[in-house]
Amino acid sequence: MSQPLFAALFDETEHGPMTVSELTSAVRNAIEARFASVWVEGEISNFKAHSSGHWYFTIKDESAQLRAKCFRSANTRIRFRPTDGLNVRARGRLTVYEQRGEYELIVESLPPVGAGALRVAFEQLRDRLQAEGLFARELKRPLPVFPRRVGIVTSRTGAAIQDMINVISRRTRTVHLLFSPARVQGEGAGSDIARAIKLINDYHEQAQRENLSDKLVDVLIVGRGGGSTEDLWAFNEEEVARAIRASVIPVISAVGHETDFTIADFAADLRAPTPSAAAEIVAAQEDQICSTLAELGRDLSRLMRFKIVDARTRVQEHAFSRVFDEVRTGLRDAKMETKAAIHRLQILINHTMRNAHGRADAVAFKLSPARLQTRLSSARMRFDSANAGCTLAIAAQLEEARSRFGLAAASLDALSPLAVLQRGYAIAEDTNGKLLRDAQAVSIGDSVHVRLAKGRLDARVERTNET
């Protein structure tokens with residue numbers, strides 16, 4: 001490589017001496033022709049970002065160093081900002097900076113080397129997008145309660161798509177899937193994922209314009225199965241994060257396993273630990289609603305049974321209340337006393353009649369037949385008079401007894417709580433069914449039940465007056 005070049009430079013048979021510019025130009029042409037594309041691995045030092053947007057730095061190893069520059073048109077495609085001490089693998093072309101006579105590397109791509117460098121790239125992009133507000137909490141959109149159509153962006157051949165289809169088909173029959181395949185790893189995978197996200201959004205917006213509600217996409221799942229950090233790197237690209245944030249459809253990020261975090265997770269409206277978990281989320285709402293309705297039905301049935309039992313208990317308590325027992329006891333006692341008075345009166349009448357007949361018979365027996373007619377007539381008159389008086393007395397006593405009975409019945413009716421209620425009075429009870437006789441037994445705001453002659457009132461205490 002170098003022997004023909006330097007042999008030509010110092011060959012005495014060459015035509016005359018060369019100027020410095022001519023020699024430098026020849027060296028530059030030779031180097032650029034030989035090293036038009038080269039990979040160089042080393043450590044960055046003396047990094048400087050110029051105000052023009054160009055980067056200037058040195059790539060070195062233990063025994064040598066190489067000046068490098070990366071123009072703005074190229075570094076905008078690099079996914080991290082280099083820092084001193086970072087190991088990189090630079091791809092570019094060698095050239096010569098003629099003003100100083102130094103050769104340098106024009107860097108076209110600068111992928112980091114090792115997990116540490118990938119972490120630096122991840123953190124730099126995350127912090128930059130977060131400062132821009134791309135991950136703001138207020139931008140997060142809630143998922144629909146009942147999704148009907150779910151978009152999926154993942155690999156056509158990966159296990160993730162099969163897992164999501166199996167979960168959704170097992171958990172629900174009402175969710176339809178719209179699949180937009182994309183490459184999920186390798187060069188250009190980020191652009192492919194962003195294209196697939198935009199494709200589903202275009203489909204959704206077209207359905208909106210055509211007023212096809214059954215074609216609308218309710219939620220979008222973007223993800224893939226597990227893998228190494230390099231395998232998942234497509235979901236750490238800025239283009240994917242911006243496509244997720246620009247989506248008019250709520251996005252669930254489902255990348256890798258539960259311990260894997262990507263930039264897409266921060267940009268999405270919701271993060272699921274795995275693709276299967278994302279499918280569970282969109283399908284779980286239907287199961288949850290069905291379970292909730294069933295539980296509410298059971299609760300309503302239990303509540304109705306409790307209300308019925310409680311109402312039956314209150315009716316029984318009122319039926320056996322002391323107020324009604326006292327009324328029934330008073331009426332029963334009055335009825336028994338009335339029957340006893342009538343029985344005593346009947347016995348007295350019978351006893352009086354028997355005595356009268358006995359005395360009449362004795363007198364008739366003692367009298368002679370001669371005087372019998374006279375005395376008999378006189379006795380008959382007295383007897384008739386006595387009988388008439390007795391009849392009047394009995395009638396008077398019966399009338400008096402009836403008056404006392406009516407008065408007792410009226411008194412009992414006056415003492416009856418039902419009669420009291422008919423006169424406009426009421427029976428007040430607390431919430432436990434206890435009779436209220438004192439205003440101090442309740443407080444302001446307590447609920448009371450008021451029984452009227454017809455119906456009941458449920459009232460609340462607004463003010464009490466002890467007088």
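The face of helix 5 that points away from its buried side carries two exposed residues, A159 and R170. Exposed here stands for over 50% relative accessible area, buried for under 20%, and partly exposed for anything in between, using a 1.4 Å probe and protein chains only. The helix itself is a DSSP run of H or I with at least four residues, while a strand is a run of E with at least two, and both kinds are numbered from the N terminus. The model is a predicted one, in which local features need pLDDT of at least 70 and side-chain atom pairs count only at pLDDT 80 or more, while totals for chains, interfaces and linings use all residues. Residues are numbered from 1 along each chain as its sequence is written, and side-chain values use heavy atoms, with hydrogens and water left out.

Back to helix 5: its buried residues are A160, I161, M164, V167 and I168. They sit on the same side of the helix, because they cover an arc of only 135 degrees around the axis; the arc is taken from the directions that run from the helix axis to the C-beta atoms. With 13 residues, helix 5 reaches 18 Å from its first C-alpha to its last, close to the expected 18 Å, a span worked out as 1.5 Å times one less than the number of residues.

T172 is buried, at a relative accessible area of 6%. Its side chain makes a polar contact of 3.1 Å with that of T174. Such a contact is a pair of N or O atoms within 3.5 Å; within protein, one must be able to donate a hydrogen and the other to accept it, and residues adjacent in sequence count only if both atoms are side-chain atoms.

Turning to the sheets, strands pair through backbone hydrogen bonds, either parallel or antiparallel. Two strands are called paired if DSSP finds at least two bridges between them. A closed barrel of 5 strands runs in the order 1-2-3-5-4, with mixed pairing. Its neighbouring strands are turned by 55 degrees against each other on average, direction ignored; axes are lines fitted to C-alpha atoms, for helices over the stretch in contact, and angles run from 0 to 180 degrees between N-to-C directions. Strand 1 (residues 38-49) and strand 2 (residues 55-60) are antiparallel partners over 5 bridges, and S45 has T58 in strand 2 as its bridge partner.

An aromatic cluster is formed by F47, W55 and F57. Rings of Phe, Tyr and Trp (its six-membered ring) pair if their centres lie within 6.5 Å; planes under 30 degrees apart are stacked, over 60 edge-to-face, and the rest tilted. F47 is buried at 18% relative accessibility, and W55 is buried at 7%.

A second sheet is open, with 3 antiparallel strands in the order 11-12-13. Strand 11 (427-430) and strand 13 (456-460) are at the edges with a single partner strand each, so one side of each has no neighbour in the sheet. Strand 12 (residues 447-451) and strand 13 pair over 5 bridges; S447 stands opposite R460, and V450 is partnered with L457. These two strands form a hairpin with 4 residues between them, and G455 in the turn has a positive phi of about 90 degrees.
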